[in-house]
Amino acid sequence: MKKIYLIILFLILLMGGILFIKLFPFGTTKYTIPNTSVVLEIPKLSSYKKEDKNFSVSFKSIRSKLILEKELENIIKKYKIQTCNNKTIYYNEEDNITIIGYNVSHKNIYNIFNIDYHIGKYDNNECSIITDPQKLTYQIKKCPGDRCYGTDTFKYKNEDGNFYNLYYKHSKFLLFNSGMNTMQYLTSMLHSSWMSMQDVIDFLEYKVQNGETEKIVYKEPNSILYKNKDFSLLECNTSSGNKDIYLLNPNFEYEDSYCQ
């Protein structure tokens, strides 16, 4: 009988120990990925599983999914928050590593967590690029004098690879948010290749679907006018190859002299 009690006590202690390991927060530790100099901060009592792909690594742990998620969240909270291509990322200055994302999944008695990372810090040119025009926002900024620019003609690169004219005839500055969530002048965004005119068109088409922008199609010459409360954009696409763009005030009225 005493032996049975000892076995029961052992099982209780064993189960209690497992629950303690699973549910108690033990903090974090630094881990160097094999055959690299990459150092990642991970929850304690985790072991290296494999490198799933370039700059993505997996670990396994007996600890609970909830605890792993909380400790991973606490890890990235200590890092510098940035926005890159409209996604939140976390830069660890001490180890010079950027955490792009992580996830935790349940696998039998173990839980698996994956960490996607980037060696070093992303720069402005990498992160300012627009990846989803539907997430674009813009603002109108008053400029000194009657005109915003000394010249109102710029060049933009069309999807066909050729350059066409962008005629800026708006009385105010038009700015769009970059992939780093900072407002930049439209012409600067185009010049730096952070966005294209097609991104602007896609953004306006999305706003047309939402009822926030009016779309008028002119068959002769072939052109499309987009109008909202802040600006108008005339897109030329004639049979003669005119693909010029006009950026205009919201009260613009179409004339036959355009898109010729």
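**Spaces, strands and rings**

The largest pocket of this predicted model holds about 290 Å³ of space. Its lining has 15 residues, and the closest to the centre are Lys157, Leu190, His191, Ser193 and Met195. Strand 10 provides the largest share, with four residues. By class, the pocket lining divides into eight nonpolar, four polar and three charged residues.

Rolling a probe the size of a water molecule over the atoms shows where empty space is left. The count comes to one cavity of 30 Å³ or more. The largest cavity has a volume of about 50 Å³. Its lining consists of Glu41, Leu72, Ile75, Ile76, Tyr79, Ile99, Tyr102 and Ile115. Helix 2 has the largest share, three residues. Seven residues of this lining are nonpolar, one is charged and none is polar.

Next comes a hairpin. Strand 1 (residues 28–32) pairs with strand 2 (residues 39–43) in the antiparallel sense, over five bridges. Thr28 stands opposite Pro43 of strand 2. Six residues lie between the two strands of the hairpin. In the turn, Asn35 has a positive phi of about 65°.

The rings come last. A pair of aromatic rings is described by the distance of the centres and the angle of the planes. The model has 16 aromatic pairs. One of them joins Tyr138 and Phe176, with 6.1 Å centre to centre and 55° between the planes, and this pair is tilted. Tyr138 belongs to strand 9 (residues 138–142) and Phe176 to strand 12 (residues 172–177), so the pair ties together parts that are 38 residues apart in sequence. Phe176 is buried, at 0% relative accessible area.

Tyr254 and Tyr258 form another pair. Their ring centres are 6.4 Å apart and their planes lie at 35°, so this pair is tilted. Tyr254 is buried, with a relative accessible area of 17%. Tyr258 is buried too, with 14%. Both belong to one aromatic cluster, together with Tyr167, Tyr218, Tyr246 and Phe252.

Lys60 lies over the face of Tyr110, at 5.2 Å from the ring centre.

Methods. Residues numbered from 1 in each chain as written. Predicted model: local features only at pLDDT ≥ 70, side-chain atom pairs only at ≥ 80, totals over all residues. Heavy atoms only, no water. 1 Å grid on protein atoms, 1.4 Å probe; cavity = no way out; pocket = protein on both sides within 12 Å on 5 of 7 lines; lining within 4 Å. Points joined across faces, edges and corners; volume = space filled by probe spheres on them. Nonpolar A, V, L, I, M, F, W, Y, C, P; charged D, E, K, R; others polar. Pairing = 2+ DSSP bridges. Phe/Tyr/Trp six-rings, centres within 6.5 Å; stacked < 30°, edge-to-face > 60°. Buried < 20%, exposed > 50% of the residue type's maximum accessible area, 1.4 Å probe, protein only. Lys NZ or Arg CZ within 6 Å of the ring centre and 35° of its normal.
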